[in-house]
Amino acid sequence: MKKISRRDFIGQASCAAVGSTAMLSSLLNLKLTGLLAAQNQPSTTDYKALVCLFLAGGNDSFNMVVPRDSASYSDYRSIRADLALSSDQLLAMNHSDVPGKQYGLHPSLTGMQTLHNQGDLAFVYNVGTLLEPTDLASIESGLARLPLGLYSHADQIAHWQTSMPDRRTAIGWGGRMADMMQDLNSQQSVSMNISLSGNNLFQAGNQVISFSLSPNADDRPGIDGYGDTEDYFSNLKTQIIDQLMAEQYEHLLEKSYAGSVRNSIEASELVANALDQAPTLQTQFSSNEVSQSFRAVASMISVRHILGMQRQTFFVQFGGWDHHDEVLNSQSTMFPVVDNALREFDAAMRELGMHDNVTTFSASDFGRTLTSNGAGSDHAWGGNQFVMGGAVREGVYGVYPQLFEGNPLDTGRGRLIPTTSVDEYFAELALWFGVEHSRLSELFPNLSRFYIPGAGGQPLGFMQI
Amino acid sequence: MRLLGNIKPTKSALWWLFGVAWIPCLAQNLSLEESSRFLSRASIGANWEDLVYLSEVGKEAWIVEQINQPYTPIAPQAQTIIDFYSTEENFLEFNGIVFRYALWNKMLGHDDQLRQRVTLALSEILVVSEVGSELDSSPMGLSLYYDMLARNAFGNYADLLREIIYSAQMGSYLSHAGNQKADPETNRFPDENFAREIMQLFTIGLHELNRDGTLRSDAFGNPIPTYDNDDIQEFAKVFTGLIYNYYELLEEYPRLGSDEEELFSRLKNRGYVNFEQPMVPVESQHDSSQKTLLNGVVLPAGQSIAQDIDGAIQCLMQHPNTAPFISKQLIQRLVTSNPSPAYVDHVASVFENNGSGVRGDMAAVVYSILMYPEANAVQNGPISGKMREPFIKMLHLLRGFDAANHHGNYWNSTWWEWENFKQRPFSSPSVFNFFQPSYAPQGEISDLGFVAPEFQIFDSQSIPGTVDLLLYMVFYDIWSDPPEGTPEDWDPLDGDRQKPWRMDLKDELALAFQGDALVDRLSLILTGGRLSEGTRNIVLNAMDRAGDDPEYRVRIALWTILISPEYNIQK
């Protein structure tokens with residue numbers, strides 16, 4: 001079917017406003033008119049975006065960052081057994097948390113090595129879901145308050161995305177943050193939260209509903225031909241949809257259905273219109289879905305001023321990290337995908353002059369057991385994460401744990417108690433994003449057990465704030 | 001199309017219907033509206049004749065007849081397709097779609113509707129997926145797994161669990177194939193993946209439940225976990241010692257079998273997968289120590305793999321959670337997202353005891369789900385029913401309007417469906433299915449504490465995708481013009497094999513200029529006559545504006561109803 005250009009679209013929309021269109025289209029026209037006016041204003045200077053790369057399944061991140069000095073490597077080697085990387089393969093990192101200790105990256109992560117060593121990519125060690133500072137004694141005595149459903153995918157994904165490991169909630173911390181900050185954006189019909197991987201908990205707010213965008217450059221958002229008043233059939237189709245969805249429905253599911261369709265159409269038209277004007281990037285992205293998702297994020301960032309966006313979050317999920325089997329082989333094919341996507345996205349942000357305005361951070365269900373189940377590792381708890389962007393302060397943060405079996409953090413099989421909570425990790429990002437100290441506890445109810453908002457200093461210090 | 005007619009409900013099949021505490025009211029002359037509503041829950045897409053037939057025989061007889069239909073497996077069809085294609089040079093490129101071809105043939109070509117509907121529901125609970133797994137290169141593996149679910153759809157849930165435990169497909173998907181006993185010397189422990197998911201997803205769930213499906217709570221009002229990690233480690237020991245059936249391989253390479261431990265790790269690590277047969281036990285690799293399972297169940301040391309597995313199944317089947325946990329999910333897949341506690345309690349009670357002391361009788365469970373008054377009452381409450389799954393909508397359209405072609409091969413790669421609907425059978429992104437039973441869209445539904453799982457895949461991508469694809473199917477007959485020549489001449493990769501299907505709209509075309517009558521008919525087939533006055537007027541208006549072409553008038557009416565809220569919410 002006919003794909004319409006932006007020029008056609010605006011032209012038709014203006015015509016339609018005069019004609020007899022259904023309520024929704026008229027509503028949309030008003031928004032578009034407002035948008036055109038907004039475009040003539042100078043672009044926003046205080047723009048910030050957070051990009052969450054979620055490695056779903058539980059990345060075995062003690063093979064992402066590995067100790068290199070001989071004493072620590074020997075602990076690593078003996079506990080990881082058949083899962084150990086050989087020390088001469090590791091890519092040297094020029095930052096360490098403790099003098100005398102050395103770390104190296106998985107051999108596939110050459111791009112991340114460069115970014116880290118030049119100060120644009122920091123690591124945060126042994127992060128995990130916690131309700132309070134927790135040690136082995138408090139767990140063994142049964143006194144520790146622990147996250148619900150430890151070691152289970154569904155629960156830990158939820159906790160990472162809500163930062164509330166003591167409850168089950170349908171609202172994520174990115175959603176709560178957008179609820180607080182959505183007013184900063186002049187365009188309210190398009191969500192602050194954009195997902196390249198469908199609905200997710202992280203971006204679900206009380207008011208804010210995330211907008212789902214295809215990673216595929218050929219997929220123009222929205223219904224084919226919607227709003228095309230020149231084509232008789234498209235026009236009829238548009239009006240049928242508008243009329244059906246504008247009806248009043250008392251049944252909650254019917255009402256929700258109609259509302260979802262309405263919202264999706266309105267936002268899709270606005271986003272499609274903006275993306276039609278996106279500049280062509282010189283940076284080339286690989287063809288896989290992860291790189292293409294980052295390409296789409298870059299594209300959205302390039303039209304931020306057209307959409308009236310001052311704050312945005314993006315969610316990219318890369319699944320398949322649940323390596324109960326073949327962890328070494330799988331990581332050696334999956335890490336390069338991450339590495340390329342980050343390298344490409346970093347280049348695109350520099351090209352757009354957005355390097356200091358956009359921060360990408362990793363998240364994953366959990367770390368994995370240090371011990372092997374025979375070529376694979378099982379669900380565990382604390383793990384290592386990375387943060388990338390011009391606003392990142394160079395270095396490594398948190399404490400890299402000791403790896404010998406039976407070490408003070410080992411709850412068995414090398415399941416490590418996290419020493420940095422997800423609350424601290426996310427609060428640092430939220431502060432940079434512009435959340436006030438006074439509202440941090442609202443966003444992260446358990447944060448004050450780890451960090452006192454407003455007492456000075458940053459939770460972890462990895463962002464230049 | 002009807003295959004039925006000569007099969008009558010038998011006494012032996014009916015005995016359990018009257019064994020349950022609640023005796024259904026036997027309906028006489030079921031209305032077509034009620035037939036349609038019933039079939040939206042019990043079928044994968046009913047046409048006019050199906051409604052009429054059900055209205056004549058009644059629900060009970062229809063269910064029994066469906067249950068008694070012998071099952072025709074899809075694996076032979078998959079084998080036919082493989083044989084047909086195996087001479088093609090680029091066979092491997094489209095290997096993965098063979099299963100979907102075979103499945104479509106089943107879904108459009110066979111009338112065991114209730115079994116197919118229940119099988120799709122089971123495929124969303126006992127999930128394996130071709131996405132991100134070894135199954136993507138094994139059409140036979142997926143076909144055999146589908147057949148396994150379908151064969152057991154009206155059998156016993158314990159047997160289903162046993163087949164899943166031994167199935168190479170699940171063994172690959174949740175990695176208990178090749179799971180070995182612990183080896184302290186090399187710091188190796190049994191893989192916990194399957195042990196966790198069989199509890200969390202396939203039987204008892206995360207928290208203790210009352211029989212009515214509501215959460216139990218402790219003295220502080222908190223939910224009570226059903227198991228902890230120690231329990232998982234105990235169950236992980238049970239599922240050690242199973243490996244892909246290697247007997248044929250052994251005939252070829254007898255020396256492989258001289259050391260079982262070596263053989264075991266070789267098969268596990270060298271990519272030898274046999275999806276055509278269940279996994280086999282290798283006792284020397286099994287952890288035969290004593291295992292303490294849940295609720296005081298202890299498996300003594302020295303048992304065989306089969307004994308341990310039977311003990312674990314028994315433990316999970318007897319757990320008070322399994323009946324409500326599985327019953328509620330089946331209700332959600334067939335009838336309503338938010339069943340009342342009484343409804344769940346009734347079905348769970350049938351799961352516990354079918355009336356003659358049998359636990360886990362799926363036929364009785366399915367019967368009780370479909371016949372419970374809450375499922376059958378005209379629902380005017382604000383949260384009754386459920387959103388139709390995208391895939392079921394598509395099947396409904398095709399079956400409801402007799403999509404057919406001249407050669408009888410209903411082959412469909414479902415590339416577009418995957419892209420546009422975010423759903424196609426056995427392609428879930430993870431073991432957590434396309435959507436989770438507890439998903440609640442933000443806003444009123446979530447605020448009131450209700451759920452609507454299907455909304456999880458209904459977003460700003462799949463909404464336009466669904467509207468577009470349904471329009472394409474309705475107006476362009478996705479499957480429009482038969483390609484030239486005979487099937488053997490077609491290039492399997494160009495998609496033409498999928499295309500030459502047409503809906504048979506002649507009964508509807510006869511009403512193209514009688515708007516009210518046409519809307520009545522379409523509304524009856526699709527919504528059980530539930531179209532609102534407002535929507536009816538929108539459809540009539542659309543037909544008027546469509547002009548004089550009868551095809552155009554009928555198809556625009558059909559599409560309008562397909563995207564209407566009344567159709568999309570099944571109730």
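**Figure 1. A salt bridge joins Arg80(A) and Asp60(A) in this predicted model.** The two side chains meet with N and O 2.7 Å apart. This pair links distant parts of the chain. Arg80(A) sits in helix α3 of chain A. Asp60(A) lies in the loop between β1 (48–55) and β2 (65–67) of chain A. The two residues are 20 residues apart. Over all chains, the structure holds 38 salt bridges.

**Figure 2. Chain A meets chain B.** On the chain A side, 69 residues are in contact with chain B. On the chain B side, the count is 69 residues. Together the chains bury about 5,600 Å² between them. Carbon and sulfur atoms carry 58% of that area. Which three residues supply more of the area that chain A buries against chain B than any other three? They are Leu252(A), Leu253(A) and Tyr257(A), with 14% of that area.

**Figure 3. Salt bridges and polar contacts cross the interface of chain A and chain B.** How many salt bridges does the rule find here? There are four across the interface. Arg415(A) forms a salt bridge with Glu192(B). The closest N and O atoms of Arg415(A) and Glu192(B) are 2.4 Å apart.

**Figure 4. Two helices of chain B cross.** Helix α8(B) covers residues 113–123, and helix α9(B) covers residues 139–151. Their axes come within 9 Å. The crossing angle is roughly 115°. Is the crossing left-handed or right-handed? α8(B) passes α9(B) in a right-handed crossing.

**Figure 5. Side by side, residues of α8(B) and α9(B) make the contact.** From α8(B) come Arg115(B), Gln116(B), Thr119(B), Leu122(B) and Ser123(B). They meet Tyr146(B), Leu149(B), Ala150(B) and Arg151(B) in α9(B). What types of residue make this contact? Four are nonpolar, three are polar and two are charged.

Note on methods:
Residues are numbered from 1 along each chain as its sequence is written. Chains are lettered from A and ligands numbered from 1 in the order in which they are written. This is a predicted model: local features need pLDDT of at least 70, side-chain atom pairs count only at pLDDT 80 or more; totals for chains, interfaces and linings use all residues. Side-chain values use heavy atoms; hydrogens and water are left out. Axes are lines fitted to C-alpha atoms, for helices over the stretch in contact, and angles run from 0 to 180 degrees between N-to-C directions. Helices (H or I, at least four residues) and strands (E, at least two) are DSSP runs, numbered from the N terminus. A crossing is left-handed if the near helix is turned anticlockwise from the far one by less than a right angle, and right-handed if clockwise. Contact means heavy atoms within 4.5 Å. Ala, Val, Leu, Ile, Met, Phe, Trp, Tyr, Cys and Pro count as nonpolar, Asp, Glu, Lys and Arg as charged, and the others, Gly among them, as polar. Buried area is the accessible area (1.4 Å probe) that two parts lose on being put together, summed over both. A polar contact is a pair of N or O atoms within 3.5 Å; within protein, one must be able to donate a hydrogen and the other to accept it, and residues adjacent in sequence count only if both atoms are side-chain atoms.
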